[in-house]
Amino acid sequence: MAESAADLIEHMNLVIDQPPSQPLNPNGTHRTPEELVAKAIAPVKREFLRPPPSRTNQRDTAVSDADAKASKSSVVAKEKKSKRQLKRERRQKSALHLCPEVAKSEDVSSCAYGDKCRFSHDIEAFKAEKPADLEGKCPFTNGDGPCPYGLACRFYGTHEDGAKGNSSNALKKNSEINVLNKDVQKLLWKNKMKFPKADAKLKSLGLMGPGNSRVKKQDDGEVDQNSVNDSHATVASDSADKLECSLEVRTGENADGIITTNEIRPLKRVKSIIEEKCCSGLSVPEKDLENSCPETELEVMIDDALTETDGSLKIHLREKKLIDFRGKLYLAPLTTVGNLPFRRVCKVLGADVTCGEMAMCTNLLQGQASEWALLRRHSSEDLFGVQICGAYPDTVARTVELIDQECNVDFIDINMGCPIDIVVDKGAGSCLLTKPMRMKRVINAASGTVEKPITVKVRTGYFEGKNRIDSLIEDIGNWGASAVTIHGRSRQQRYSKLADWDYIYHCTRKAPESLQVLGNGDIFSYTGWNKHKSDCPELSSCMIARGALIKPWIFTEIKEQRHWDIRSGERLDILKDYVHFGLEHWGSDTKGVETTRHFLLEWLSYTCRYIPVGLLDVIPQQINWRPPSYYGRDDLETLMASDSAADWIRISEMLLGKVPDGFTFAPKHKSNAYDRAENG
């Protein structure tokens with residue numbers, strides 16, 4: 001090459017991360033906006049590009065960074081404590097951990113636990129150690145009552161004199177609903193919650209097989225237990241209405257009169273030898289009938305007994321309350337960032353349909369407060385649904401019945417497209433795409449348990465290039481789903497590459513008329529929304545996910561049909577609204593402030609990708625565009641390890657700003673990248 005390897009490396013250390021203000025062509029000219037768009041680079045106008053700052057030697061910076069990380073890790077290692085130490089510290093009363101009841105009323109005697117309370121009641125010590133108040137006003141100042149956090153509020157100085165909080169105000173401070181009842185939570189903790197509708201539906205579908213049923217006493221003295229063998233029992237009651245699912249249970253009864261079994265996942269229903277012979281037209285000897293499994297008789301008795309009782313529980317599809325998604329702007333359920341404050345921001349900016357974050361069925365059935373918090377609904381969310389994720393029909397059906405009883409929602413969405421490994425490894429999310437029969441059982445069980453509409457969210461398939469939803473789209477409607485959302489990527493793709501909207505159109509046209517189909521993927525402007533709606537009129541609507549995270553005013557743009565060149569002050573006002581809603585939702589005490597800050601930073605990691613409309617040569621911005629960026633050392637060494645001439649031309653662009661005269665490419669196939677540079 002024109003320069004030696006030593007000169008190249010020295011130039012790399014000094015000039016790396018300092019490219020020209022705009023990417024260059026191999027001939028040294030600036031790329032046109034069309035060329036930048038073709039390479040997924042945002043075509044920012046040249047007058048808005050700042051020159052790169054001067055940097056010190058890259059090696060010195062790397063060494064100093066490594067030393068800083070080492071020192072930081074040593075400090076963290078010293079501060080790390082065992083679980084036993086943390087538990088011991090929690091038991092010790094700290095002045096900063098003031099009792100919530102005492103903080104609200106500022107009266108030590110207001111706590112019902114008295115001296116047994118695990119929180120501190122020392123108000124003066126709390127005031128002495130409490131950090132200084134934050135700037136601004138308490139978010140509850142303009143509410144109907146006083147701040148529910150009292151002394152613990154980080155804006156205590158703005159409270160009105162003499163205003164004391166109370167417990168009732170704390171429960172209704174945000175106009176939030178779907179708060180888990182404590183009595184229900186205790187039943188879930190003790191595994192005593194009854195699910196009559198779900199169990200009846202599962203039995204009618206033949207999914208309450210041996211080993212996964214639970215038998216509970218309806219009334220004292222009504223259950224007559226007859227031992228069949230050492231590990232099986234047959235349960236019968238005086239009337240068919242009181243007959244419970246009693247297939248295969250372990251003997252043994254606890255103090256509450258509950259006969260329990262090992263909760264294992266549902267097994268496939270296996271035909272008995274007699275059933276096979278009957279179906280094939282062969283005669284069955286009486287001896288075989290007498291020696292057949294005793295559960296066969298019981299199943300017949302159960303089916304006959306439930307003929308009348310299940311008639312009132314069975315829900316016809318036409319009896320369900322259907323939701324018309326056509327033309328509505330649907331904010332997708334977004335894990336972590338799609339919290340209640342963010343949904344309130346999107347509602348203000350024009351979203352029509354909102355959905356809570358994905359909640360795991362097993363955690364909901366265990367009564368975990370953190371999981372139930374994902375089902376919270378604000379009064380401004382007029383069309384609201386929750387999204388659940390489960391692997392088996394029994395857990396999904398019971399969760400659906402529980403949500404129907406305890407929550408106020410308009411629809412329930414079942415996630416069958418989550419690509420996260422921890423979800424897929426448990427058989428849920430995208431894993432269900434590989435098991436259509438289990439998909440059928442899950443949707444059948446959920447839709448037959450409640451009257452609310454059941455919707456499904458899926459991906460195109462599990463593996464890239466092996467789409468399979470088009471072969472299932474007709475069945476999904478027949479199984480009981482009222483709507484399906486198709487994300488135009490496979491599980492293997494995650495969020496890489498662009499969504500395959502042509503495949504979404506293909507699936508939409510194959511869907512039955514009773515099934516509404518929504519598309520999802522890469523919608524980032526009103527023009528993208530219009531294109532999908534015009535290309536496929538059969539599409540009911542489109543779900544907006546990352547586009548709403550990067551610019552939540554996309555709903556306003558779609559409704560007003562314009563590219564909103566929103567001012568920085570307006571964007572700051574949106575962030576202020578989010579913080580205000582966050583303090584109302586998570587609290588204005590120290591913990592609530594830290595939680596609000598945490599989720600605000602999560603959201604800002606998306607909003608930083610927005611490029612103002614006035615800075616672009618080509619509008620609108622696409623979701624896959626990256627800003628005019630530069631290569632770091634790792635990228636450069638990756639290119640230097642390549643045998644491609646195109647990569648070496650790019651190296652010359654990065655280091656020299658142009659391709660040297662007389663450039664030739666003759667790699668020596670050596671492992672060391674610097675040897676490659678030395679040998680041209």
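This is a predicted model: local features need pLDDT of at least 70, side-chain atom pairs count only at pLDDT 80 or more; totals for chains, interfaces and linings use all residues.
Let me start with the salt bridges. The structure holds 21 of them. One joins E584 to R344, with the closest N and O atoms 2.9 Å apart. Is R344 buried or exposed? Its relative accessible area is 11%, which is under the 20% cut-off, so R344 counts as buried. E584 is also buried, at 12%.

A second pair is R546 with D522, whose side chains meet at 3.6 Å, N to O. R546 lies in helix α22 and D522 in the loop between β13 and α21, so this bridge ties together parts 24 residues apart in sequence. D522 is buried, with a relative accessible area of 18%. R546 has 22% and therefore counts as partly exposed.

The third pair is local. E594 and R597 form a salt bridge with their closest N and O atoms 2.8 Å apart. Both are in helix α25, residues 590-607, 3 residues apart, or about one turn of the helix. Each is partly exposed: E594 at 42%, R597 at 39%. There is also a network, in which salt bridges with shared partners join D421, R491 and R494.

Next, a lysine. K551 is in the loop between α22 and α23. With a relative accessible area of 6%, K551 is buried. What does K551 touch, leaving aside residues up to four places away in sequence? The contacts are F524, S525, E557 and Y610.

Now a helix pair. Helix α9, residues 196-204, and helix α16, residues 393-406, have axes that come within 8 Å and cross at roughly 145°. The crossing is right-handed. On the α9 side the contact involves P196, K197, A198, D199 and L202; on the α16 side, P393, D394, A397, R398 and E401. By class, that contact has 5 nonpolar and 5 charged residues, and no polar ones.

Last, an annotation. UniProt, in an unreviewed entry, lists residues 98-124 as "zinc finger region: C3H1-type". In the model, that stretch is 30% helix and 0% strand, and its end C-alpha atoms are 10 Å apart.

Terms used: Residues are numbered from 1 along each chain as its sequence is written. Side-chain values use heavy atoms; hydrogens and water are left out. Axes are lines fitted to C-alpha atoms, for helices over the stretch in contact, and angles run from 0 to 180 degrees between N-to-C directions. Helices (H or I, at least four residues) and strands (E, at least two) are DSSP runs, numbered from the N terminus. A crossing is left-handed if the near helix is turned anticlockwise from the far one by less than a right angle, and right-handed if clockwise. Contact means heavy atoms within 4.5 Å. Ala, Val, Leu, Ile, Met, Phe, Trp, Tyr, Cys and Pro count as nonpolar, Asp, Glu, Lys and Arg as charged, and the others, Gly among them, as polar. UniProt positions are given in the numbering used here, feature names are shortened, and annotations may be inferred rather than shown by experiment. Buried means under 20% relative accessible area, exposed over 50%, partly exposed in between (1.4 Å probe, protein chains only). A salt bridge is a side-chain nitrogen of Lys or Arg within 4 Å of a carboxyl oxygen of Asp or Glu.
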